[in-house]
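Biologist: Please put the sequence and the model on the screen. I will then ask about one part at a time.

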Amino acid sequence: MAELKVQCFTVSLDGYGAGPDQSLEKPMGKNAEELHNWFRGTRTFQRMLGDESKGTDGPDEDFAARGFENIGAWILGRNMFGPIRGEWPDDNWKGWWGDEPPYHVPVFVLTHHARAPLEMKGGTTFYFVTDGIESAYAQAMKAANGKDVRLGGGVATVREYLQAGLVDEMHLAISPVLLGSGESLFAGLDLASLGFRCTEHVPTQAATHVVLRKN
C-alpha cells in the first residue's frame, strides 16, 4: 500500500520546525539557518547541487537518501513553494530551486489562489490545489501510481495532515539548536493518541533521527 510520509523534517530541540518572521532572505525564519546542517553535509544534498564528489556518508546520509526512495509525488504547503502571499501577481515565481527542482515527480501545492500547472525541467510539474488537503492527498496518491507520497511541509501543513489522520510515517531529524519561538510542530498534538510509536532512534553528531510509524 502506498503511504503518506514525512521525511527529513527537521525540528529544533524545543520543537520548532521554522523560526519566526519568514521572508525571501530567510525562508526558514530568523535564527533557523543551523537547523538543516545535518542535511547540507550529506552526499544527497551535494548531489542536488550538482556535485557528486562532495558530502559525507553515514547515518545522516542514509536518512537523507531514504527520504527520496520510492516517492511518486509530493505535497507542499504554499510557503514551501515561495514567499508570495495572497493572489498570485503573475506567473514569474517558479519556486526556490531554479529551473530544475529536486523533486522529479508531480508536486501538489496547497493554496487558496488558483494557478495553472507549472512544468519544470527534470520531470517536476507543480499543480496548485485550491480545494483542501484531502483533495491534494487524493490527487497525489493517484499521480504516485502505487509509490509513496512525501509530505514536504511546512509545519502548518504537516500538522493539518496529522490531525486529519492521513500521515503514515514521520522521519524527524532533531537538530541540537534552540529557537525559542517560531512554528511549533508538536504544540497541542497527542501523537500517541494519533497512533504513532517510535520505531527508530539514531543519534549522530549533527542530529537525532527519529522514525514514528502509525500502529
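Biologist: Which residues are buried in α6?
Modeller: This is a predicted model, in which local features need pLDDT of at least 70 and side-chain atom pairs count only at pLDDT 80 or more, while totals for chains, interfaces and linings use all residues. Residues are numbered from 1 along each chain as its sequence is written, and side-chain values use heavy atoms, with hydrogens and water left out. Helices (H or I, at least four residues) and strands (E, at least two) are DSSP runs numbered from the N terminus, and buried means under 20% relative accessible area, exposed over 50%, and partly exposed in between (1.4 Å probe, protein chains only). In α6 the buried residues are Val155, Thr157, Val158, Arg159, Tyr161 and Leu162.

Biologist: What does Tyr161 contact, leaving aside its neighbours within four places in sequence?
Modeller: Contact means heavy atoms within 4.5 Å. With those neighbours left out, Tyr161 is in contact with Leu4, Ile75, Leu110, Ile133, Ala136, Tyr137, Leu151, Leu166 and Val167.

Biologist: Which residues of the largest nonpolar core touch the most other members?
Modeller: A nonpolar core is a set of buried Ala, Val, Leu, Ile, Met, Phe, Trp, Tyr and Cys residues joined through side-chain atoms within 4.5 Å. In soluble globular proteins, nonpolar side chains tend to be buried together. Here the largest core has 30 residues, and the members that touch the most others are Leu4, Ile75, Tyr161 and Val167.

Biologist: Which element gives the largest share of this core?
Modeller: Two or more residues come from each of β1, β3 (71-77), β4 (106-110), α5 (133-144), β7, α6 (155-163), β8 and β11. The largest share is 5 residues, and its source is α5.

Biologist: How many residues are in the other core?
Modeller: That core lies apart from the largest one, and Trp88, Val105, Leu118 and Met120 are among its members. Its residue count is 14.

Biologist: Which peptide bond is cis?
Modeller: Gly154 sits in the loop between β7 and α6. The cis bond has an omega of about 0 degrees, and the residues it joins are Gly153 and Gly154.

Biologist: Which side chain makes a polar contact with that of Asp148?
Modeller: Asp148 is in strand β7 (residues 148-153) and counts as buried because its relative accessibility is 7%. A polar contact is a pair of N or O atoms within 3.5 Å; within protein, one must be able to donate a hydrogen and the other to accept it, and residues adjacent in sequence count only if both atoms are side-chain atoms. At 3.4 Å, the partner side chain of Asp148 is that of Lys5.

Biologist: Which backbone nitrogen does the side chain of His171 reach?
Modeller: His171 belongs to strand β8 and is buried, with a relative accessible area of 1%. Its contacts beyond four places in sequence include Trp38, Phe63 and His209. The nitrogen lies at 2.9 Å and belongs to Cys8.

Biologist: Why do the buried residues of α3 line one face of the helix?
Modeller: In α3 (residues 59-66), the buried residues are Asp60, Glu61, Phe63 and Ala64. Seen down the axis, they line one face because they fall within a limited arc, taken over the directions from the helix axis to the C-beta atoms. Their cover includes β1 (4-11), α1 (37-40), α2 (43-48), β8 (169-174), β10 (196-203) and β11 (208-214).

Biologist: Is Asn145 buried or exposed?
Modeller: Asn145 is in the loop between α5 and β7. Asn145 is not a glycine, yet its phi is positive, about 55 degrees. At 68% relative accessibility, Asn145 counts as exposed.

Biologist: What is the phi of His104?
Modeller: His104 lies in the loop between α4 (78-81) and β4, and it is partly exposed, with a relative accessible area of 41%. Its phi is positive although the residue is other than glycine, with a value near 65 degrees.

Biologist: What radius of gyration does the protein chain have?
Modeller: The chain has 6 helices and 11 strands, and 47% of its 215 residues count as buried. The radius is taken over C-alpha atoms, and the globule rule is 2.2 Å times the number of residues to the power 0.38. For 215 residues a compact globule would be near 17 Å, and the chain agrees with that at 17 Å.
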